[in-house]
Amino acid sequence: MAYVPYGYTVKDGVITVDEKAAGQVKEFFEKYISGLSLTVAGEQAGIEKTHSVMGRILKNILYLGNDVYPAIIDKETFDKAEDMRNKRAKDLGRIVELAAFTAPSPIERFKMRKSEGKLPDDPVTRAEYLYSLIESEV
């Protein structure tokens, strides 16, 4: 496992709650819900992380618990923080409505013939052969 979220630790190969850090996470959620900014809520909770890490903590559903991670935050608190985060993002114009966006149609279409036989072992020769199988439909 490459990453263990703040508030957890690994003991004997098992994810466990780091009580001190978990308490800070709980306090961080409460302070954020009370109206403090990400940075101020994190500082007051004693979490020394960047603004973006604080944002990821608020969005991390692992804090609700699953088969691997014990729960640190209850669903009600997590949902309140998520609602608050979305409201603030909307108020700051950070939520873009994507309904108006439509992807442009591709100008050209391609298809690839099936390979005949074994591919060459040399990577350059193999790449040249595979590129030679591409045909334009235009």
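Which residues does Ala-45 touch, not counting residues up to four places away in sequence? Ala-45 touches Gln-24, Glu-27, Phe-28 and Lys-31, where contact means heavy atoms within 4.5 Å.

## Basis of the model

This is a predicted model, in which local features need pLDDT of at least 70 and side-chain atom pairs count only at pLDDT 80 or more, while totals for chains, interfaces and linings use all residues. Residues are numbered from 1 along each chain as its sequence is written, and side-chain values use heavy atoms, with hydrogens and water left out.

Ala-45 is placed in helix 2; helices (H or I, at least four residues) and strands (E, at least two) are DSSP runs, numbered from the N terminus. Ala-45 counts as buried because its relative accessibility is 6%, given that buried means under 20% relative accessible area, exposed over 50%, and partly exposed in between (1.4 Å probe, protein chains only). Ala-45 and Gly-23 are 22 residues apart in sequence, and their C-alpha atoms are 8.4 Å apart in space.

Val-40 also lies in helix 2, but with a relative accessibility of 31% Val-40 counts as partly exposed. The C-alpha atoms of Val-40 and His-51 are separated by 9.6 Å, the two residues being eleven places apart along the chain.

## The nonpolar core and Leu-58

In soluble globular proteins, nonpolar side chains tend to be buried together. A nonpolar core is here a set of buried Ala, Val, Leu, Ile, Met, Phe, Trp, Tyr and Cys residues joined through side-chain atoms within 4.5 Å. The largest nonpolar core has 20 residues, of which Val-25, Phe-28, Phe-29, Leu-58, Tyr-63, Ile-72 and Ile-73 touch the most other members. The elements that give two or more residues to this core are helix 1 (19–33), helix 2 (38–45), helix 3 and helix 4, and helix 1 gives the most, with five residues.

Leu-58 lies in helix 3 and, at 0% relative accessibility, counts as buried. Leaving aside neighbours within four places in sequence, Leu-58 is in contact with Phe-28, Phe-29, Tyr-32, Leu-38, Phe-78, Ala-81, Glu-82 and Arg-85.

## The largest pocket

Rolling a probe the size of a water molecule over the atoms shows where empty space is left. On a 1 Å grid over the protein atoms alone, a cavity is a set of points where a 1.4 Å probe fits but cannot get out, whereas a pocket is an open set with protein on both sides within 12 Å along at least five of seven lines; lining residues have an atom within 4 Å of a point. The largest pocket has a volume of about 270 Å³, a volume being the space filled by probe spheres set on the grid points, which are joined across faces, edges and corners.

The largest pocket is lined by 14 residues, and Tyr-32, Leu-38, His-51, Arg-85 and Arg-94 are those that lie nearest its centre. Helix 3 (51–59) and helix 4 (75–91) are the elements that give two or more residues to this lining, with helix 3 giving the most, at five residues. By class, the lining has four nonpolar, five polar and five charged residues, where Ala, Val, Leu, Ile, Met, Phe, Trp, Tyr, Cys and Pro count as nonpolar, Asp, Glu, Lys and Arg as charged, and the others, Gly among them, as polar.

Thr-77 is found in helix 4 and is buried, with a relative accessible area of 18%. Apart from its neighbours within four places in sequence, Thr-77 is in contact with Phe-29 and Ile-33.

Asn-60 is placed in the loop between helix 3 and helix 4, and at 14% relative accessibility Asn-60 counts as buried. A polar atom of the side chain of Asn-60 lies 2.9 Å from the backbone nitrogen of Leu-62. Not counting residues up to four places away in sequence, Asn-60 touches Pro-5 and Phe-78.

## Two aspartates in loops

Asp-12 is in the loop between strand 1 (8–11) and strand 2 (14–17), where Asp-12 has a positive phi of about 55° although it is not a glycine. Asp-12 is exposed, with a relative accessible area of 81%.

Asp-122 is in the loop between strand 3 (110–112) and helix 5 (123–132), and its relative accessibility of 38% makes Asp-122 count as partly exposed. The side chain of Asp-122 makes a polar contact with the side chain of Thr-125 at 2.7 Å; a polar contact is a pair of N or O atoms within 3.5 Å, and within protein one must be able to donate a hydrogen and the other to accept it, with residues adjacent in sequence counting only if both atoms are side-chain atoms.
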